[in-house]
Amino acid sequence: MIHAVAANLRTDIAPPSEPWRVKARAHLDTLTKPLGSLGRLEDIAAQFIAIRQARFADPVSKAVYVFAADHGVTAEKVSAYPSEVTRQMVLNFLAGGAAINVLSRLHNVALQVIDVGVDGDFDPATPLVHAKVRRGSRNMHAEPAMAHDELLEALTVGIRMAEEAAASGHNLVAPGEMGIGNTTAASAITAALTGRPVPEVTGLGTGIDIPAREHKIRIIEESLALHFKGREAASPLEILGHVGGLEIAAITGFILAAARTHLAVVCDGFIATAAAAIAVSIAPAAAGYLIAGHQSREPGHAILLAHLNLQPILQLDMRLGEGTGAVLAMPVIESAIALYRDMATFTSAGVSEAAQ
Ligand SMILES: Cc1cc2ncn([C@H]3O[C@H](COP(=O)(O)O)[C@@H](O)[C@H]3O)c2cc1C
Ligand SMILES: O=C(O)c1cccnc1
């Protein structure tokens, strides 16, 4: 069942259009600036046009979707904070006081919060998307983080949110996350996907100390050995199901469905990018829809960005998540699109072109 869903997504995702990208490049060369002088802004504009194609002139409409879930592996003491913080931060998102609230308000980005697996209840009247699959994932150190049906349900939550984003007219979207313990899951995914040693892809998360990081590394190594040792290479869905998390699975589904519906997806930090790497491993054509918002302090993030061949827009030593790095990069992306659309051409402005 789950493999059928993944296979359908894979076949339904077409890469961004090369003819549209070529057309966009040609238009950029007619604008009143030295050839190529807008640097990577030109690449970003051309990528956006290749993604949006005939709908490229729609107004830019930005949205961030924060998927929240808890992690059973927190029982192994891998985070500096208790798992109650996940639920408390969801309430903070709804009250408007978190970093992602400030940035999304400032930059006119619609914010949606989704409970895909918080280990605690919310009043049904709470204005969030109630899509709890389970009260937290299972402890990957003892058993697979998700059963098959739980993984499928979490992926489906993300797919549904991307479809809603497209239906609402958003075209520049970012998946964010909140889940105490989720850098452990992201490190485990990164090691399993890239084959890099666990110490290279494991950082301090919310701020554990050096001995706690050694312990976190051991927990991840033992979890990977429990699930994958002596087996041939695990599939991306197996990796996600065994050492991922409910919000990471939802983000994977979100990215795949966003690519299918031709939305530009801004990647946030380590956890969101781990989900992106799983998505691209399932459907390689999804890679063309990704724009890396920033590079986080987590050492595994640079490795994942290189693995995906993505260059981050910002490098601010952030290590927060929630979608904050992605939302901060959105004004840069929007600027690239505005320059493409609104600059005068050499002909319209009567400016002489290069003299060769
Ligand atoms: C107050 C607070 C707000 C946050 N917002 C995002 N995270 C980030 O930190 C967590 C991952 O780090 P670890 O794996 O070390 O637990 C995730 O919830 C992530 O979204 C936060 C963490 C805290 C404590
Ligand atoms: O890179 C991130 O997004 C990140 C890093 C540490 C903690 N939470 C998120």
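**The model.** I note that this is a predicted model, in which local features need pLDDT of at least 70 and side-chain atom pairs count only at pLDDT 80 or more, while totals for chains, interfaces and linings use all residues. Residues are numbered from 1 along each chain as its sequence is written, and chains are lettered from A and ligands numbered from 1 in the order in which they are written. The protein chain has a mean pLDDT (the predictor's confidence in each residue, from 0 to 100) of 97, and 100% of its residues reach 70 or more. I also wrote down an ipTM of 0.99 and a pTM of 0.98.

I looked up the record: UniProt, in an unreviewed entry, lists Glu 322 under "active site". Such annotations may be inferred rather than shown by experiment. I placed Glu 322 in the loop between helix 12 (299-307) and helix 13. Helices (H or I, at least four residues) and strands (E, at least two) are DSSP runs, numbered from the N terminus. Glu 322 is not a glycine, yet its phi is positive, about 70 degrees.

**Helix 13.** I checked the length of helix 13 (residues 324-342): at 1.5 Å a residue its 19 residues should span 27 Å, and the end C-alpha atoms are 28 Å apart, which agrees. The expected span is 1.5 Å times one less than the number of residues. Helix 13 bends by about 30 degrees at Met 330, and Pro 331 follows within four residues. The bend is the angle between axes fitted to the seven residues ending at a residue and the seven starting there. Among the buried residues of helix 13 I listed Thr 324, Met 330, Ile 337 and Tyr 340.

**Ligands.** I took a residue as near a ligand if its C-beta atom, placed from the backbone, lies within 6 Å of it. Around ligand 1 I found 18 residues, the closest being Ser 79, Thr 183, Gly 205, Thr 206 and Gly 321. Helix 7 gives the most to this shell, with three residues. Around ligand 2 there are 13 residues, and Gly 269, Phe 270, Ser 296, Arg 319 and Gly 321 come nearest.

Which residues does UniProt list as "transmembrane region"? The unreviewed entry gives 239-258 and 270-292. I find residues 239-258 to be 90% helix and 0% strand, with end C-alpha atoms 21 Å apart. Residues 270-292 are 57% helix and 13% strand, and their end C-alpha atoms lie 11 Å apart.

**Two other residues.** I located Ala 225 in helix 8 (residues 210-228). Ala 225 is exposed because 10 other C-beta atoms lie within 10 Å. Its C-alpha atom is separated by 9.4 Å from that of His 141, 84 residues apart along the chain. I then turned to Gln 53, in the loop between helix 3 (40-52) and strand 1 (62-69). Gln 53 has a positive phi of about 55 degrees, although it is not a glycine. With 14 C-beta neighbours inside 10 Å, Gln 53 counts as partly exposed.

Conventions
A residue is buried if 20 or more other C-beta atoms lie within 10 Å of its own, exposed if 12 or fewer, and partly exposed in between; C-beta atoms are placed from the backbone.
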